[in-house]
Structure formats: C-alpha cells, structure tokens
Amino acid sequence: MAGNKSLFFFIVCAMASVLDGQTLGGPMHDKAVVCYVASWAAYRPGSGAFVIEDLEPSLCTHLVYSFTGLDTEKGTIKVLDPWQDLEKDYGKGGYKRIVNMKKRYPHLKVTIAIGGWNEGSLKYSKMASERESRQKFIDSVLAFLEQYQFDGLDLDWEYPARRDGKPEDKANYVALVKELSDAFKPRGYILTAALGAGKDTMDAAYDLAKLSRYLTLIHMMCYDYHGTWDGVVGANAPLRGTDDEDVLSVEFTIKYMLEHGVSPYKLVLGLPMYGRTFILKDPKVRDIEFGRTPVMAAGFKGPYTGEAGFMGYNEICHEISNKSAKWTHHWHEQSSTPYLRDGGRIITYDNARSIAIKVKTAIDYGLGGLMVWSIDTDDFKGFCDKETDAYVDFMERYKYMVDDPVMTEALQSLNLPDVNRISKRTAYTVNNGKLNLRLPEPQYSNYPLMETINEATVLAMEEKRILDEMDIITKQNEISDDKDEPGSSSIPRCSTLAVAFCALLVFRL
Ligand SMILES: *[C@@H]1O[C@H](CO)[C@@H](O)[C@H](O)[C@H]1NC(C)=O
C-alpha cells in the first residue's frame, strides 16, 4: 500500500508540474472573439460580482478592459477607478491581473478601452480638435500602454459629432485615429474602436472608409436599438427591421458599414449579453407587438445590475430557471428575438439561439468576428439550466441540404471527414455517403452564450463552405446543361441557399 501511495503521489506531482508550465489555447476557429470586461462588475452584489479570475480566456481572442477616461485639465488618458485598477495603496490591481492572463493564454490580446457612455463626448471633441492636443493625448497613451503592458487601445468615444460634440469631430476623429495608428505601428500595438450602430450616429460621426484603413478592428455596437425610451416594446438587438424603412437593425448596420467602404474582415459584430425590460401600460393587453405595444417610462431592474430597463443574461436566465416564476416564452420571428412575459412585465433579450443566428449572419457576410458587451453578464457562474435549442436553425437548414441532389456531387469535392473517423470537434461529416451534422455538446459548465458564439462560428463556417460548394456545382451544371441542349430554354435555378430559405419560410407559414 505504501508503495502504491508513493507512486500515486509521484504521478500527481509529475502531472502538477506539467500543468504548472502549461499554456492553454484559444478558440478553434480563426475569427476574432472580442470580450469586453466591465471593471465595475466587481461591485455587483452576491453572485453577480464578477472578478478577472472568473474569465474563461479560451473563449476569447481579445479582452478589452473597460474603461479609462480623459483627464479634462491635462487632455491625457487617466485611470478611472484607481482602487479597482491599480495596485498602489492596497488596490485590487485589475490592470495587472488581466494582463497576466496572457501568461497562461498566450493567444490573448489584452487592450484597454477609453470612453464609454458616462464619459460623454465634449472633452474628446476638444482633445481631437487640435494637432497639439491630439499629440499630447497620444504621448500619454503610449506611456500608459508601456507602463501597464497592454497590447493596445480601444476608442469608445460616444460619439464624435453627437451629444455635446460638433460636426468637425468627424474629420478630427479620423485625424486622431490616423495619428494613433502611425504611433502604434512601429511598436506593435493594436488600435480598435467601438462604433455606434444607429444610422444617425454612423452618418454624423464616422468617415467609415478612412477609419477602416487605420483601425485594426471595428467593434460594431449592434445593440441598444430599442428600449423603454421608445415608449413601446422593442428588441434590444433586432436582426432584421420591421420593414424596408426601418434602419434600426443588425443587418442594416452591417450592410451600411460594408457599403461605406469598411473591409469586411475588419468588422466585428457586437452581441449583447443583456436584454431590455418593459412594464406594459396595459398589463391585460392580449398580444405583444414590437414597435407598437405601449410601455411605461421606466422598465424594471435586475438584482445584480440594478439599472431600470436593463437585465444581464445571467439575471434573465435565473428568472427562466426559477420554477416558481410565471414567465411565458415567446419568439419574435421578424427580429429573431426571444422575449418573456409575466402579466405586465416583458423582457426582450438575446439567448443562445438568437446569438447563433447572428453568428451565422456575421460569417455569411465574411466579417472578421464577434464581440460581446459584456462577458460579465453571461452566466459565468453556470447557475442556469442550459438552453437546448441553440442550434435548431442549423438543424433545419441541414435537413434541406442533406436531400439536395447536388449534395452527392458536392460531398465528392468537399472531402469532409468520415463520421467514424472524425476529430472530436468536427460538426459536418459524411455518413454512408450522406451529409451528417453532429450538434455541439456543451464543454463548459458555465458561459453558455460565449460557448455558443464559438461553436456557432465553427458550424457557420463549415456550413458556408458546403453551401458555397453546392452553388459552384449548381452553376457548373447549368453551363454544361446549356451546352448539351442547345436551344432549350434553361430556367435559371434558384441557389441552394435561396431554396432552403424559401422552403423554410413555407414550412414556418
Ligand atoms: C422565483 O420566483 C418567485 C415568484 O416570482 C419569487 O418569489 C422568488 O423570489 C424567485 N426565486 C429566486 C431565487 O429568484
């Protein structure tokens, strides 16, 4: 027994020493997954309190610590919460703790954000207006990055030429971004920016083509489209608008940015890890209509975030998991948004399914990746029941793909792995000459939304490859059909994807 024990002890020690020096990897795909961390989440009560050590860095490629501010007097970058951010005077050392994550996770880029809603626009407008004040700011940023060892800066000026800003901000913002980029390049720093997604903001604030040239990545803040300020129920982040005139949607923002000269691979689609809450004016109203059903001026609060009209996904999923709560579950098809109702209370939000749909959208547009605001309101403790329908839309598309006659041909050139000899993470395989889809199983006990983002990215990229191949073969077949039967009127064939969508629509109706 003693021998066994010491052998066991030896093995444990050997394993521990291996693990000790081990570095861990990132996501299993090459898209960016940018994770904002709200430093004030550390102050949330009870199980809502989020500390740096709660991060699961294998789910992100970039961490963005939020926020620093602008010193009005000096025009330089400044620490906003010295106790939380720094080590001096027995502080919590947030900067150091997040940068240290790179030791075990060398794939990570860790940057610092400046700005945010509460910083306002005016002082940024002033700083950006003159060459000298911009240079002073840039010098302070370089010293800051050097001192705290961040990999770069994320600009969150909300927004140039809006709120207290002035029209010249649009050109001055480009100048600031260009000069920062020039200073960053030789030092290897990355420069990113969070841009507002509303059409009015995009029109007034951004020279998108120029910003795209100088920024490493553009974080599109594709949320806060609707809330209690509308006076009616609405989706925080609707995938599609209510009609062609509706410019407040994720798809409109993506198309607008691409049409205005942004490189798709630099565009990162922002996803909200939170929803919006509403109190109905008439709690007895039978049907809820987005954009129509009237609500009170303020929504209700969550226990952790404590902000009327706002609820983190972790707070929302607690409500869903509470067996004695009386929420009814709904899905708003037009905007791809789930919502909950309990009498006069409504929560519109994003869940695993709506997130998976948006990830597919980002991949289909060829975007550079996904961003989340913010990782500290995912179910990072893993308290909630797992959602089981995250990939139903992938499964429905698969059902139409699998029986398409072109699929047999496509499988021959795609060289997908055989189902019996797959690497563990492969989603689409071949089984007896047919396309096979194996939906992802949860690997983590927590972070359901972050995990969905990464799994859906792999699924969507593989699905796109298959659909693209089917399209190519369909087109080639049309050409050779025309050659074989000269004079026959060839009816242009709907692309496979379009057929799948038509079929889906008919199926749904
Ligand atoms: C669950 O819901 C009930 C009914 O709304 C509520 O009274 C209770 O406090 C909730 N429990 C938790 C743990 O939130």
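**Pocket and salt bridges**

Tutor: Let's start with the lining of the largest pocket. By class, 17 of its residues are nonpolar, 11 polar and 13 charged. Keep in mind that this is a predicted model.

Student: How many residues line the largest pocket in total, and which lie nearest its centre?

Tutor: The lining has 41 residues. Nearest the centre are W117, E158, D224, R276 and W373.

Student: What's the volume of that pocket?

Tutor: About 1200 Å³.

Student: Which helices and strands each supply at least two lining residues?

Tutor: Strands β1 (32-38), β2 (62-70), β6 (190-196) and β9 (274-279) do, and so does helix α8 (199-205).

Student: New topic. How many salt bridges does a search of the whole structure find?

Tutor: The search finds 23.

Student: Let's take E463 and K360. What is the N to O distance in their salt bridge?

Tutor: Their side chains meet at 2.6 Å, N to O. The pair links distant parts of the chain. E463 sits in helix α15 (residues 448-484), K360 in helix α12 (residues 352-364), and 103 residues separate them.

Student: Are those two buried or exposed?

Tutor: Both E463 and K360 are buried.

Student: Which arginine also meets E463 in a salt bridge?

Tutor: R397 does, at 3.0 Å from N to O. E463 is in helix α15 and R397 in helix α13 (residues 392-402), so this bridge ties together parts that lie 66 residues apart in sequence.

Student: Why do E463 and R397 count as buried?

Tutor: Buried means under 20% relative accessible area. E463 has a value of 0%, so E463 is buried. R397 comes in at 8%, so R397 counts as buried too.

Student: Let's switch to R131. Which residue does its side chain meet in a salt bridge?

Tutor: E179, at 3.3 Å from N to O. This pair also links distant parts of the chain. R131 belongs to helix α6 (residues 131-148) and E179 to helix α7 (residues 169-184), 48 residues apart.

Terms used:
Residues numbered from 1 in each chain as written. Predicted model: local features only at pLDDT ≥ 70, side-chain atom pairs only at ≥ 80, totals over all residues. Heavy atoms only, no water. Salt bridge = Lys/Arg side-chain N within 4 Å of Asp/Glu carboxyl O. Helix = DSSP H or I, 4+ residues; strand = E, 2+ residues; numbered from the N terminus. Buried < 20%, exposed > 50% of the residue type's maximum accessible area, 1.4 Å probe, protein only. 1 Å grid on protein atoms, 1.4 Å probe; cavity = no way out; pocket = protein on both sides within 12 Å on 5 of 7 lines; lining within 4 Å. Points joined across faces, edges and corners; volume = space filled by probe spheres on them. Nonpolar A, V, L, I, M, F, W, Y, C, P; charged D, E, K, R; others polar.
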